[in-house]
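The sequence and structure come first.

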Amino acid sequence: MNDVSLLCAEMTGFCNSLSSEWLGVLKALCWSSNHNCGYIDVTARNDINDLSLHDSLAVFTSILVAHHCFTLEDFVSHVALHSLLAACPTSKTLDSRMIP
């Protein structure tokens, strides 16, 4: 997984527009049970309920952040926070007020 992540980071260095694609893929995987965020091919091939995938995604995300493919702030605001709020049933009313 480290080698694939490093390759992705190198590719992003040559093509900055991949940053938004990585965030989109991570968003689709984190929200796959609650929303249709696109990237159907990725969500179809990966069972997000498989706990071993969580560790791999964490490593992948950490390496991309460490190599400045996207900022930690972008990951938290575009992926993690939305995913956490979507997973919490009481947050439905707070969702639109808390997240731009």
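## Terms and model

A residue is called buried if its relative accessible area is under 20%, exposed if over 50%, and partly exposed in between, with a 1.4 Å probe and protein chains only. The model is predicted: local features need pLDDT of at least 70, side-chain atom pairs count only at pLDDT 80 or more, and totals for chains, interfaces and linings use all residues. Residues are numbered from 1 along each chain as its sequence is written, and side-chain values use heavy atoms, without hydrogens and water.

## Ala-28

Ala-28 lies in helix 2, residues 18-31. With a relative accessible area of 2%, Ala-28 is buried. Its C-alpha atom is 6.4 Å from that of Gly-38, 10 residues apart along the chain.

## Chain

The chain has 6 helices and 0 strands, where helices (H or I, at least four residues) and strands (E, at least two) are DSSP runs numbered from the N terminus. Of its 100 residues, 31% are buried.

Contact means heavy atoms within 4.5 Å. Among contacts with a separation of 6 or more, 52% are between residues 24 or more positions apart.

## Helix 1 and helix 4

Helix 1 (residues 2-14) packs on helix 4 (residues 51-66) at an angle of about 35°, and the axes are 9 Å apart. Axes are lines fitted to C-alpha atoms, for helices over the stretch in contact, and angles run from 0 to 180 degrees between N-to-C directions.

Helix 1 contributes Asn-2, Ser-5, Leu-6, Cys-8 and Ala-9 to the contact, and helix 4 contributes Val-59, Phe-60, Ile-63 and Leu-64.
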